[in-house]
Amino acid sequence: MSLLEAKNIKKVYKTRFGGASVEALKNVSFTVEKGEYVAIMGESGSGKTTLLNILAALDKATEGTVILDGMDLTKVKDKDVAKFRRDNLGYVFQDFNLLDTFTLEDNIYLPLVLAGKKHAEMKERLDKLAPSLGITDLLKKYPYEVSGGQKQRAAVARALITNPRIILADEPTGALDSKSSDELLSLFKKVNQMGQTILMVTHSTKAASNASRVLFIKDGVIFHQIYKGESTDRQMYQKISDTLTLLAQGGDK
Amino acid sequence: MKAGFYPKMAIGGMRKNGRLYVPYMITCILMVAMFYILHFLGFSGVMRGMAGGGTATDMVALGSYIMAIFATIFLFYTQSTLVKGRKKEFGLYSILGMNKRNIGKIIFWETAITGIVSIVVGLLTGIGLSKLAELGFTKLIAVPTRYEFSVSGSSVVTTLILFTVIFFFIYLNTIRQVRFANPIQLINAGKAGEKPPKANWVVGILGLVILGAGYVLALKIEQPLSALLWFFVAVILIIIGTYLCLVAGSVILCKLLQKNKNFYYKTNHFVSVSSMAYRMKRNGASLASICILITMILVTLSSTTSLYTGAEQCLNAHYPNEIGAFACKYGYDDNLPSQGERLDEILIATSEENGATVTNNCTYFVYSISGYFENDRLEVNLNSLTNMAFIDYDKVAQIQFIDDDDYNRTFGHSVKVNPGEAILGTAKKIDIGNEVTIGEVTFKITERFDDKVSEIDSTAGAASPTIYMIVDDVDAVAQKYIQYEDYNGEPMLAWFWYCRFDTGLDVDGQIKLAETLSEKIKEELQGKGFSNYYCESHEAERGDFISTFGGLFFLGILLSIIFLVSCVVIIYYKQISEGFEDQARFGIMQKVGMNGDEIKKSVNSQMLTVFMIPVIFACVHLVVVLPIVNKLLMLFGLFNFGLLLICAGVCVLVCGLFYALIYKVTSNAYYKIVS
Ligand SMILES: Nc1ncnc2c1ncn2[C@@H]1O[C@H](COP(=O)(O)OP(=O)(O)OP(=O)(O)O)[C@@H](O)[C@H]1O
Ligand SMILES: [Mg+2]
């Protein structure tokens, strides 16, 4: 059975004054297997963030179902959604979403504190995680005292520390320079190799070429997907570029 | 740049931040209005007409000073909250090419507009409210026109000057903050938490010391009126101490809570403790402001309610019998005792002619002399007093000599005093040894009758300390003080004659009788060099008492409402401004996996910790100042500490409930904003 299964997802945004509504997602279906590293690409405004938000239960689909590990996400009660999210999902935001009131350490602890974990356990988990993310020396600092790349690494730590079933990342490299991006991508690769499932939205071909599969979304539907299979990053990069060119020309498959 | 550019920028900026600026302006306006009203009541003499109005006026004048200090501290802090939020904007301006001068101009206009609007609207509000108070006075308790309120030019001017100065300093402070930061620092300023003040422990200890000094001073003051200056100093010390303690205390508390890992990393505490730490100084300051306002409310309310409820008792203390007469003459005169007897006879005869049955007659006279009482010695020689470097007004005392025969006859006792001896009694806590020297004459004290002093005068000790001395031969004693004169060349020695009795007449009869008796006394004493004489009836004074105390009560309510409104505004402002700050944060927390219930719980936990503190502090303050309040009430003739305690208790309860309500409503407002 797949870890994540999205079936016929449709999302219509009603504009505020009852004017024209926007159909952000028309009919999206796909599955993610356990241990996979999936990238989602598409033009700006194609509905990637919308999709990710629905998968993360941050937003509700107009139609369709999302099943995570056998649980129907659309049926989780409102009051349990938050708990569900912090127990099962790790979300990495494009703009980090770290809290200025907390040190990086406390920011990373936040989901565990909300889950009611003991401090000793939290510390143990972080001690294991911090070195591989290279943030050991930064833990006592506040978000406004560290660089964007460092912030994003802390945000990744916050997503990873709950041992989530799946990591959802929305353009995690979007606010980073190429060096920080590379670091983050190799980090994702590393955690993926340790068995962590990742679903990442990205605009960067380079980022996507790390993934084991790339989904292309256009006009609210999955337009195409390519598997990495045995190909190298380089070959994958080429495949993705070709597909994107095709997409831009508006051609069919 | 075009003229009018900066004012436009300023108005634009204020409008953009309207949700914070509006509550801030309201706060400023109320501060101005409140100061105006207090200054007006305290300095324009509107209340001088009331009996005891002098004391009330002094207290309100004191209140206006406190208000001025309070407003300064408070507005500084609120302003710094506001600036913190705006720094990002200023940073952006400077990145877009504005220099510090230009930004300074925008700040100038913003402060100027805020200042002008606050002062003008505040003054109008203040004048309006005082008019409203006038209506209240006249309509509610039918007090005659002497309470009439008007606009006081000097109060307007003082308010104008004070707040102009405050706003000017606020302007300088803002400039300072923006001047010494580069654009990036400015942009990040909104995010950064407050740094704990350097040497926080020192601040905390200093605060405790100052607070302690204020407390000690407050508790030591025996005569609040003569030591008004010290009383004021005590109040100021308490206020400053409260601020320092609460600011340092809130920093220390946050640090301690964060250090305790098992406490800190709990769902309920995690978010609340960290956001408290994030604005620990500001928190401390606003808590101190709330605490001081609550204390003022409690003190005002409990003193005036106990006055109001104790009015009847107070009346009885002042006028223990239906009819009371008094006469006073300076110097010594052989004929005075017989003059007293004749007055007594006239009064009783006239009363009986008018259909009264005289009972409980209590007639006596004393010789009185005032001086400086120290080390069992009363200094009555003004020349040596003038040479003293320091005069402690608590030691100015009045000695009243009463003849033992007179005392026994009038009060139904049987004491015996030998020449050179005296029985001494006083309602004040004065240390007195076995021998007392009055002027140059030394008396051996054989006995004390402190517990029976109230028989002579139930209001004893209201003003300056009175020491009663029962002597063998009051005439002989009095003659030893003939030579002392006061600064006006008048004799220091005075003869006081008292007569009081019940009549069995109805209310009108009593009032009419008192008038008749007044005439008779006047006929008898006119032209004989008496400085003062009168006859009063219990019933005629009742109306005066009720209206005076009613007036004071109303004044107390009025002031409490003013304080309360400012308290509400402060709490509301605090909640709203913090709500907007926390909004984004709670958004993030929801994304990370916090649900509505957990947010609500953590909001509640934060509020509860923060909001219990000022109440507790205010109660401690109240307990410390209650003794002074009690002494003040004595000046009005209320001698009932028990009643004051009960009133204080009820006030704490009522205020506590009200506070809980405010807390509930404002934390709902906060919750609405963040969720
Ligand atoms: N809250 C909303 N209300 C109305 N329309 C919305 C809302 N959020 C997104 N949309 C619309 O839905 C469409 C998809 O938006 P979405 O944010 O998912 O795009 P995206 O693929 O993430 O784009 P980008 O790569 O720029 O982040 C867009 O046309 C957008 O305008
Ligand atoms: Mg997006």
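Start by selecting residues 596-635 of chain B, which form helix α20. This helix has 40 residues and reaches 56 Å from its first C-alpha to its last, close to the 58 Å expected at 1.5 Å a residue. The model on screen is a predicted one.

Stay on α20(B) and go to B:Val625, where the helix bends by about 40°. A proline, B:Pro627, follows within four residues of the bend. Then step past the end of the helix: α20(B) is followed by B:Gly637, whose phi is positive, near 95°.

Next, select two helices of chain B together: α2 (residues 18-43) and α5 (residues 153-179). At what angle do their axes cross? The crossing is at roughly 140°, and the axes come within 9 Å. Angles over 145 degrees would count as roughly antiparallel, so α2(B) is oblique to α5(B). The crossing is right-handed.

To see the contact, show side chains on both helices. From α2(B), pick B:Val32, B:Phe35, B:Tyr36, B:His39, B:Phe40 and B:Phe43. From α5(B), pick B:Ser154, B:Ser155, B:Thr158, B:Thr159, B:Leu162 and B:Phe163. By class, this contact has 7 nonpolar, 5 polar and no charged residues.

Now move to chain A and select helix α4 (residues 119-133) with helix α5 (residues 148-160). These two pack at an angle of about 145°, with their axes 10 Å apart. α4(A) passes α5(A) in a right-handed crossing.

Technical notes:
Residues are numbered from 1 along each chain as its sequence is written. Chains are lettered from A and ligands numbered from 1 in the order in which they are written. This is a predicted model: local features need pLDDT of at least 70, side-chain atom pairs count only at pLDDT 80 or more; totals for chains, interfaces and linings use all residues. Axes are lines fitted to C-alpha atoms, for helices over the stretch in contact, and angles run from 0 to 180 degrees between N-to-C directions. Angles under 35 degrees count as roughly parallel, over 145 as roughly antiparallel, 65 to 115 as roughly perpendicular and the rest as oblique. A crossing is left-handed if the near helix is turned anticlockwise from the far one by less than a right angle, and right-handed if clockwise. Two residues are in contact if their C-beta atoms, placed from the backbone, lie within 7 Å. Ala, Val, Leu, Ile, Met, Phe, Trp, Tyr, Cys and Pro count as nonpolar, Asp, Glu, Lys and Arg as charged, and the others, Gly among them, as polar. The expected span of a helix is 1.5 Å times one less than its number of residues. The bend at a residue is the angle between axes fitted to the seven residues ending there and the seven starting there.
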